[in-house]
Amino acid sequence: MNSQTITYKYDEIKQELLDYVNDNDLNLSKTLQDDDLHFNVYNSDYFIIGYYNAEQWLIDEHGTNWTFEVMSYVQEQEELAFGTVEKIDNAERLVNLYAYWLGYEVIAELQAEQEEE
C-alpha cells in the first residue's frame with residue numbers, strides 16, 4: 001500500500017470528526033470513548049454528496065486524479081474486513097467508502113493522542 005493513499009485528504013476526513021464534536025458541543029476525549037462515534041460521523045450521512053462533487057474531490061490541487069489509489073485502499077480494507085470486495089460503480093460511493101474506512105484510522109490516531117496526554 002502506498003502511504004500517500006492513506007494520507008490523501010486525511011486532514012479533511014479528520015476535520016469531519018472534529019466538526020462533529022464541535023457542532024454537537026461534545027468533549028473530544030469523552031466522545032472518543034463512544035462506540036457509536038465512527039457510525040455517527042462516517043456512516044450516518046454522506047461525506048460527499050453528488051457524483052460530480054465526488055469526482056472533483058478525487059482530484060488534488062495539482063490536477064492529479066487519485067481515483068485508482070483511493071479505490072485500491074478501499075478494496076484492500078474491504079478484503080481485510082469482509083474477505084470480499086464490493087463493486088463500486090460511481091465516485092460518490094467510492095469517496096464515501098474511503099471516508100468510512102479512513103475514519104477508523106482517524107479515530108485510532110486521536111485515541112492514541114489522548115492516551116499520551
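**Helix packing and buried rings**

Mentor: L58 is found in the loop between α5 and α6, where helices are DSSP runs of H or I with at least four residues, numbered from the N terminus. The model is a predicted one, in which local features need pLDDT of at least 70 and side-chain atom pairs count only at pLDDT 80 or more, while totals for chains, interfaces and linings use all residues. Residues are numbered from 1 along each chain as its sequence is written, and side-chain values use heavy atoms, with hydrogens and water left out.

Trainee: Why does L58 count as buried?

Mentor: Buried means under 20% relative accessible area, with exposed over 50% and partly exposed in between, for a 1.4 Å probe and protein chains only; L58 has 2% relative accessibility, so L58 counts as buried.

Trainee: Which residues is L58 in contact with, leaving aside its neighbours within four places in sequence?

Mentor: Taking contact as heavy atoms within 4.5 Å, L58 is in contact with Y8, T64, N65, W66, T67, V70, A91, L94 and V95. With V95, the separation is 37 residues in sequence and 7.6 Å in space, C-alpha to C-alpha.

Trainee: What makes α6 oblique to α7?

Mentor: Helix α6 (residues 67-82) and helix α7 (residues 91-116) pack at an angle of about 60 degrees, and their axes are 9 Å apart. Angles under 35 degrees count as roughly parallel, over 145 as roughly antiparallel, 65 to 115 as roughly perpendicular and the rest as oblique, and that makes α6 oblique to α7.

Trainee: Why are α2 and α7 called roughly perpendicular, then?

Mentor: Helix α2 (residues 10-23) packs with α7 at an angle of about 70 degrees, the axes again being 9 Å apart, and α2 and α7 are therefore roughly perpendicular to each other.

Trainee: What makes the pair of F47 and W57 edge-to-face?

Mentor: Rings of Phe, Tyr and Trp (its six-membered ring) pair if their centres lie within 6.5 Å, and planes under 30 degrees apart count as stacked, over 60 as edge-to-face and the rest as tilted. By this rule the count comes to nine aromatic pairs. For F47 and W57 the values are 5.6 Å centre to centre and 85 degrees between the planes, which is edge-to-face. F47 lies in the loop between α4 (37-42) and α5 (51-57) and W57 in helix α5, so the pair ties together parts that are ten residues apart in sequence.

Key: Axes are lines fitted to C-alpha atoms, for helices over the stretch in contact, and angles run from 0 to 180 degrees between N-to-C directions. Helices (H or I, at least four residues) and strands (E, at least two) are DSSP runs, numbered from the N terminus.
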